[in-house]
Amino acid sequence: MKATLLLQTALRHFAQHGYEGASLQEIAQDVGIKKPSIYAHYRGKDELFLTAMTYALETQKTHLATYFISTRHLSLEQSLKGFFDWFLEESTENDQLKFILRIAYFPPVKLEREVTGLINPFFDTMQRHLTRLLRERDRTEQILYSDDYQSAALAYLTVTEGTMTEFVYNGVAAYERRFTAIWPIFWRGLVR
């Protein structure tokens, strides 16, 4: 129980303060343990951070899959477009997503290689899932311009990453402006 609480508390601290700003002392205090007790579970801050990152990525994969499963009753356009509203809501409420956004754009310098080694497979997995989703949805809706579902998935991820970057650096209004500008162009290029 304490191990799970420790991991979730650390994740929240890393999301709010970054790697450098998070304090093991404050994490331990929030969990209700002494700082040395952390070392019974982790060799140090680096291992705790990377474990929190792995946990956040795995949890978020499931959360993203749940979103797309829950929107199967919608048209493909509504499902893909709705993701952007879902993302905005999640980015304010979901500690795992906050953490992932922070470290994807501002990884700790000393752990940059390890962070990249975890983030890249996450996006590769997302592309595979989106490719499968587009293939399945096109079989029923038959609206996509091309059967190159892998490229369509990559293009969608590129749009999402571009808007997420705008969100991280410039906030909600800039994110919404960018999304409003790109969505009709992206969608027209995707459908027949």
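**Figure 1. Residues 23-42 span 14 Å between their end C-alpha atoms.** (Helices are DSSP runs of H or I with at least four residues, strands are runs of E with at least two, and both are numbered from the N terminus.) The model is predicted: local features need pLDDT of at least 70, side-chain atom pairs count only at pLDDT 80 or more, and totals for chains, interfaces and linings use all residues. Residues are numbered from 1 along each chain as its sequence is written, and side-chain values use heavy atoms, leaving out hydrogens and water. An unreviewed UniProt entry annotates residues 23-42 as "DNA-binding region". Such annotations may be inferred rather than shown by experiment.

**Figure 2. Asp30 sits in helix H2.** Helix H2 covers residues 24-31. Asp30 counts as partly exposed because its relative accessibility is 46%. (Buried means under 20% relative accessible area, exposed means over 50%, and partly exposed lies in between, with a 1.4 Å probe and protein chains only.) Beyond its neighbours within four places in sequence, Asp30 is in contact with Thr9, Arg12 and His13. (Contact means heavy atoms within 4.5 Å.) Thr9 is 21 residues from Asp30 in sequence. In space, their C-alpha atoms are 7.2 Å apart.

**Figure 3. Asp147 lies in the loop between H7 and H8.** Asp147 is exposed, at a relative accessible area of 61%. Leu76 is 71 residues away from Asp147 in sequence. Their C-alpha atoms are 15 Å apart in space.

**Figure 4. The largest pocket holds a volume of about 400 Å³.** (A pocket is an open set of points on a 1 Å grid over the protein atoms alone, where a 1.4 Å probe fits, with protein on both sides within 12 Å along at least five of seven lines; lining residues have an atom within 4 Å of a point. A volume is the space filled by probe spheres set on the points.) In this pocket, 27 residues form the lining. Ile100, Phe122, Phe123, Glu161 and Met164 lie nearest its centre. At least two lining residues come from each of H4 (45-70), H5 (76-93), H6 (95-105), H7 (112-141) and H8 (149-170). H7 gives the most, with 8 residues. The lining divides into 21 nonpolar, 5 polar and 1 charged. (Ala, Val, Leu, Ile, Met, Phe, Trp, Tyr, Cys and Pro count as nonpolar; Asp, Glu, Lys and Arg as charged; the others, Gly among them, as polar.)

**Figure 5. The second largest pocket contains about 250 Å³ of space.** Its lining draws two or more residues from each of H4 and H7. H7 supplies the largest share, 6 residues. Among the lining residues are Lys61, Phe68, Arg72, Met126, His129, Arg132 and Glu136. Leu64, Ala65, Ile69, Leu130 and Leu133 also line this pocket. The lining splits into 7 nonpolar, 1 polar and 4 charged residues.

**Figure 6. The protein chain has 9 helices and 0 strands.** Its pattern along the sequence is α-α-α-α-α-α-α-α-α. The C-alpha trace spans about 60 × 30 × 30 Å along its principal axes. Of the 192 residues, 43% count as buried. Among contacts between residues at least 6 apart in sequence, 70% join residues at least 24 apart. The chain exposes about 10500 Å², of which carbon and sulfur atoms supply 52%. (Accessible areas come from the Shrake-Rupley method with a 1.4 Å probe.)
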